[in-house]
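My notes follow the structure.

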Amino acid sequence: MFGETTAYSSFAVDDLDAARAFYGDRLGLTVGESGTGDMRMLFLTLPGGARVFVYPKEDHTPASFTVLNFEVDDIDRAVDDLVSRGATFERYPEFEADEKGVVRGAGDGGPAGIAWFTDPAGNVIAVMQAS
């Protein structure tokens with residue numbers, strides 16, 4: 001039934017204009033907008049063409065999990081670039097991160113490196129380098 005339909009993931013933010021600037025200007029994604037007034041929404045176009053629906057939610061609470069994962073060829077270069085664009089990397093007590101905030105060598109087929117940062121609404125985004 002759903003094998004022939006269009007599907008996309010979604011998440012909420014508390015400020016659609018801040019999300020538009022962050023995902024478009026800071027991360028360089030293509031951001032489309034539709035609707036007006038209280039019914040405005042964004043569509044992020046990810047590398048490869050997949051889309052993500054971003055909608056405003058007045059009483060937004062950031063997701064307690066990673067909402068987007070970006071696979072990169074060079075985790076250090078990606079982290080350095082994001083820091084230069086104003087990103088601050090999160091550190092979680094259950095993971096040992098290096099001075100850049102990168103958790104390295106997950107092993108067992110996991111990523112060679114992963115680091116997390118947040119969007120203006122507090123939603124968690126990851127950059128990861130495959131092993």
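Is Trp116 buried or exposed? I worked from a predicted model. I find Trp116 buried, because its relative accessible area is 10% and the cut-off for buried is under 20%.

I then counted the ring pairs and got 10 aromatic pairs. I looked up Phe11 and Tyr23 and found a tilted pair, with 6.0 Å from centre to centre and 55 degrees between the planes. This pair links distant parts of the chain: Phe11 belongs to strand S1 (residues 9-13) and Tyr23 to helix H1 (residues 16-26), 12 residues apart. I noted both Phe11 and Tyr23 as buried.

Next I went back to Trp116 and its pair with Tyr92. Tyr92 is in the loop between strand S6 (89-90) and strand S7 (103-104), while Trp116 is in strand S8 (residues 113-118), 24 residues apart. I recorded Tyr92 as partly exposed, because its relative accessible area is 25%.

I also traced a cluster: ring pairs link Phe11, Phe22, Tyr23, Phe89 and Phe117.

Last, I checked for charges over rings. Over which face does Arg51 lie at 4.1 Å from the ring centre? I found that face to be Phe43's. Arg51 also lies over the face of Tyr8, at 5.9 Å from the ring centre.

Note on methods:
Residues numbered from 1 in each chain as written. Predicted model: local features only at pLDDT ≥ 70, side-chain atom pairs only at ≥ 80, totals over all residues. Heavy atoms only, no water. Phe/Tyr/Trp six-rings, centres within 6.5 Å; stacked < 30°, edge-to-face > 60°. Helix = DSSP H or I, 4+ residues; strand = E, 2+ residues; numbered from the N terminus. Buried < 20%, exposed > 50% of the residue type's maximum accessible area, 1.4 Å probe, protein only. Lys NZ or Arg CZ within 6 Å of the ring centre and 35° of its normal.
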